[in-house]
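Here's a quick briefing to read alongside the structure. We'll start at the ligand and then turn to the salt bridges.

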Amino acid sequence: MHLIIFGPPGSGKGTVSEEVAKVYGIPHISTGDLLREHISKKTALGMKAKEYMDRGELVPDELVNEVLKDALSRSECKRGFILDGYPRTLTQAEELEKILSNLGLHIDCVLNLNVSDEEIVKRLSTRRVCKVCGAVYNLITNPPKVEGVCDRCGGTLILRDDDKPDIVKSRLQTYVKMSAPVLNYYVARNKVLDIDGSGDVVTVKARVLRILEEKGGCKAALG
Ligand code: AP5
């Protein structure tokens, strides 16, 4: 299964991707996570990307495409993958098509998570991530057992720099301007399945798994 999880910042892409990856045994590739890994290792690419991410803007296509190609070349991707946060521009969508066609592959479907801006702002202001292992929590819906401490590794939990209210506003504007056209690109190719991303985590995960099961893991052509 070759899947894209699409949706605005904070719509639950990472949360849903983790679940689908577990159930279908395929890797979850988040370009946001990969870029943050570059930043924490202070690579040249990471330092360039940080300038854009700190402003809530998209990182230039050539940098993100490099990170993505590197991730897709890993052997575990041969079984399939879930892309989270990529593609985000039409140039990236076209680049992805080229990369996959060279591998004799194509995207099976795009799951589009719909969540209101109000809910997004609430989810992101209460999200906390582990500084060490990147595990994601939510102060309201998925709190850690001990305040400020990661259940998984004991690392410190922080608010992501780009989850501050002004930056969230800018990320939402960037999404509408740059990423919404990507959705139309896949709608025109009959690849999009709309998912109601509202409701609690258990409900949304169940909705996604049900639709994937109905579509035979999206193997069958949609429509
Ligand atoms: P990235 O890390 O991809 O951020 P994003 O797309 O803005 O998405 P988020 O990670 O913020 O949210 P999510 O949808 O995964 O939600 P989550 O599951 O965590 O990108 C960051 C930056 O990197 C970009 O701004 C850009 O600069 C750069 N970048 C990345 N990819 C790029 C690309 N392709 N091109 C150019 N630049 C790129 O959930 C959010 C919170 O809500 C969590 O606390 C979670 O526990 C909670 N939650 C989840 N689901 C529910 C639910 N159903 N009910 C209640 N709470 C929920």
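A polar backbone atom of Ser11 sits 3.2 Å from an oxygen atom of the ligand. Keep in mind that this is a predicted model. Backbone polar atoms of Gly10 and Glu57 also pair up with ligand oxygens, at 2.9 Å for Gly10 and 2.6 Å for Glu57. On its own the ligand would expose 1000 Å², and the protein buries 96% of that.

**Around the ligand**

- The elements that put two or more residues into the shell are helices H1 (13-24), H2 (31-40), H6 (117-125) and H8 (201-214), plus strand E6 (136-138).
- H2 is the top contributor, with four residues.
- There are 35 residues around the ligand, and the ones that come nearest are Thr15, Glu57, Arg88, Arg127 and Arg171.
- By residue type, the shell splits into 13 nonpolar, 12 polar and 10 charged.

**Salt bridges within helices**

- The total comes to 18 salt bridges.
- In helix H3 (residues 44-55), Asp54 and Lys50 are four residues apart, about one turn of the helix.
- Asp54 and Lys50 form a salt bridge, with their closest N and O atoms 2.7 Å apart.
- Asp54 counts as partly exposed because its relative accessible area is 34%, which falls between the 20% and 50% cut-offs.
- Lys50 is partly exposed too, at 29% relative accessible area.
- Helix H5 (residues 90-102) holds another pair, Glu95 and Lys98, three residues apart and again about one turn of the helix.
- Glu95 and Lys98 form a salt bridge as well, with the closest N and O atoms 4.0 Å apart.
- Which end of this pair is buried and which is exposed? Glu95 is the buried one, with a relative accessible area of 17%, whereas Lys98 counts as exposed at 52%.

**A salt-bridge network**

- Arg171, one of the residues that come nearest to the ligand, forms a salt bridge with Asp163, the closest N and O atoms being 2.8 Å apart.
- Both partners, Arg171 and Asp163, are buried.
- Their link belongs to a network of salt bridges that joins Arg127, Arg160, Asp162, Asp163 and Arg171.
- Arg127, another member of that network, is also listed among the residues nearest to the ligand.

Terms used
Residues are numbered from 1 along each chain as its sequence is written. This is a predicted model: local features need pLDDT of at least 70, side-chain atom pairs count only at pLDDT 80 or more; totals for chains, interfaces and linings use all residues. Side-chain values use heavy atoms; hydrogens and water are left out. A residue is near a molecule or strand if one of its heavy atoms lies within 4 Å of it. A polar contact is a pair of N or O atoms within 3.5 Å; within protein, one must be able to donate a hydrogen and the other to accept it, and residues adjacent in sequence count only if both atoms are side-chain atoms. Accessible areas come from the Shrake-Rupley method with a 1.4 Å probe; for residues, only the protein chains shown count as cover. Ala, Val, Leu, Ile, Met, Phe, Trp, Tyr, Cys and Pro count as nonpolar, Asp, Glu, Lys and Arg as charged, and the others, Gly among them, as polar. A salt bridge is a side-chain nitrogen of Lys or Arg within 4 Å of a carboxyl oxygen of Asp or Glu. Buried means under 20% relative accessible area, exposed over 50%, partly exposed in between (1.4 Å probe, protein chains only).
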